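My notes follow, in the order I looked things up.

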Amino acid sequence: MEASVYRLFLLFFFCLSALHQTNSQPFIGVNYGQTADNLPPPSATAKLLQSTTIQKVRLYGSDPAIIKALANTGIEIVIGTGDIPGLASDPSFARSWVETNVVPYYPASKITLIDVGNEATTFGDRSFMLQLLPAMKNVQSALEAASLGGKVKVSTVHTMSILSQSDPPSSGVFAADHADILKGLLEFNRETGSPFAVNPYPFFAYQGDPRPETLAFCLFQPNPGRVDANSKIKYMNMFDAQVDAVYSALSSFGFKDVEIVVAETGWPYKGDPDEVGATIENAKAYNKNLIAHLKSMAGTPLMPGKVIETYLFALYDENLKPGKGSERAFGLFKPDLTMTYDIGLTKTTNQTSMAPQSPAAAPTRQTIPAPPQTILPSPTSPSDKKSGQTDVHNSTPRSASLAHLCSSLSVPSMMLFVSVMFALII
């Protein structure tokens with residue numbers, strides 16, 4: 001009897017914890033780009049973010065107005081700097097940068113990470129890429145001099161093109177021409193406890209294989225799955241496949257202990273005529289189902305139970321970005337602060353159903369003979385950027401399943417659930 005009551009109290013507090021987690025969603029962030037001339041003022045954006053369950057914001061720069069506006073909100077902030085040559089060549093420049101862009105605002109503004117460069121390892125200029133590690137080290141030293149070492153971490157962001165192979169996920173490997181540079185960066189990540197940040201975009205994988213079953217695979221929809229011939233794991237969505245390809249590359253390199261963070265992922269709600277699948281229905285389905293997948297705490301097949309910190313792309317459209325039409329159509333919110341589409345991020349609607357959203361009807365041209373199934377890397381954006389099979393849906397840890405159950409309950413429903421369990425036990 002006493003043991004049963006003890007277990008009941010454990011269940012009650014576990015559910016309270018899960019309920020708090022679903023309200024805050026601490027693993028979900030959003031990218032806040034500013035390549036636009038019609039964005040609302042930072043103060044309005046800060047209020048908007050506080051009305052949502054988003055707990056993290058990633059900036060591509062260090063706009064003081066935004067950093068100030070986010071002060072005392074509890075929202076974690078990632079800031080960025082692109083002056084790699086200056087930071088690499090002059091430690092005093094790095095100290096000055098930290099004294100100007102971090103020290104005056106911390107800790108009221110909860111700066112947690114500095115991205116030195118964005119997708120710098122995809123530019124093709126080896127001499128430039130070789131400056132990345134010295135720049136990161138100088139920023140780290142400047143943080144330590146300001147007594148912020150360990151409080152604010154330093155990293156950089158990569159596209160999926162750093163992998164020379166990603167299909168199947170278990171064969172993920174880094175491109176040979178990046179190997180020496182990446183080794184140094186990963187050693188830095190390990191030594192400082194900073195994350196390895198990547199930008200997986202299932203949308204771009206779908207562009208290279210535009211079949212209905214691929215769309216379902218990319219949107220977390222019911223689909224036959226894809227079996228990794230090496231590991232015998234069945235993958236049920238492209239996001240897990242891409243992230244596990246990165247994990248495999250890290251493991252083969254001896255750095256599987258370095259944390260992976262998804263710095264960008266998203267789906268455009270419109271695009272050019274040749275950008276198949278860029279619809280508002282698909283954008284809503286991808287983002288909503290991604291959030292549900294993260295909230296389930298299932299992790300990925302190679303990292304079960306591990307919730308990947310993920311930053312959605314993006315908070316707003318950036319109407320001045322060059323490139324294809326989709327580049328200017330990733331925004332979750334409009335400049336007038338209304339939602340482009342609802343994916344349940346607002347605090348008043350985050351308890352709504354997170355059932356998988358159906359994809360938009362596939363264009364008839366998708367019935368052409370299918371190319372080989374591949375997991376394609378996300379290209380650099382013009383503007384920046386059988387027996388033995390394991391089904392990922394059947395490999396969720398019991399604790400994750402219970403947390404997902406509890407997090408789906410409102411407070412009254414949870415109390416009723418616990419009361420019923422208590423009555424059954426006694």
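I note at the start that this is a predicted model. I began with the pair α7 and α8, and found them roughly parallel to each other, because an angle under 35 degrees counts as such. I had the axes of α7 (residues 132-145) and α8 (residues 179-192) coming within 9 Å and crossing at roughly 20°. I logged the crossing of α7 and α8 as left-handed.

I then listed the contact residues. On the α7 side I found L132, L133, M136, K137 and Q140, and on the α8 side G184, L185, F188 and T192. I sorted the residues of this α7 and α8 contact into five nonpolar, three polar and one charged.

I stayed with α8. I counted 14 residues in α8 and a reach of 20 Å from first C-alpha to last, close to the 20 Å expected at 1.5 Å a residue. I looked up which residues of α8 are buried: I181, L182, G184, L185, L186, F188 and N189. I found these buried residues packing against several elements, including α7, β5 (153-159) and α11 (238-252). Just after α8, I noted a positive phi of about 75° at G193.

Last, I went to the other partner of interest, α5 (residues 91-101), with its axis coming within 8 Å of that of α7 and crossing at roughly 55°. That makes α5 oblique to α7. I recorded the crossing of α5 and α7 as right-handed. I found P91, A94, R95 and V98 of α5 meeting N138, V139, A142 and L143 of α7.

Technical notes: Residues are numbered from 1 along each chain as its sequence is written. This is a predicted model: local features need pLDDT of at least 70, side-chain atom pairs count only at pLDDT 80 or more; totals for chains, interfaces and linings use all residues. Side-chain values use heavy atoms; hydrogens and water are left out. Axes are lines fitted to C-alpha atoms, for helices over the stretch in contact, and angles run from 0 to 180 degrees between N-to-C directions. Helices (H or I, at least four residues) and strands (E, at least two) are DSSP runs, numbered from the N terminus. Angles under 35 degrees count as roughly parallel, over 145 as roughly antiparallel, 65 to 115 as roughly perpendicular and the rest as oblique. A crossing is left-handed if the near helix is turned anticlockwise from the far one by less than a right angle, and right-handed if clockwise. Contact means heavy atoms within 4.5 Å. Ala, Val, Leu, Ile, Met, Phe, Trp, Tyr, Cys and Pro count as nonpolar, Asp, Glu, Lys and Arg as charged, and the others, Gly among them, as polar. The expected span of a helix is 1.5 Å times one less than its number of residues. Buried means under 20% relative accessible area, exposed over 50%, partly exposed in between (1.4 Å probe, protein chains only).
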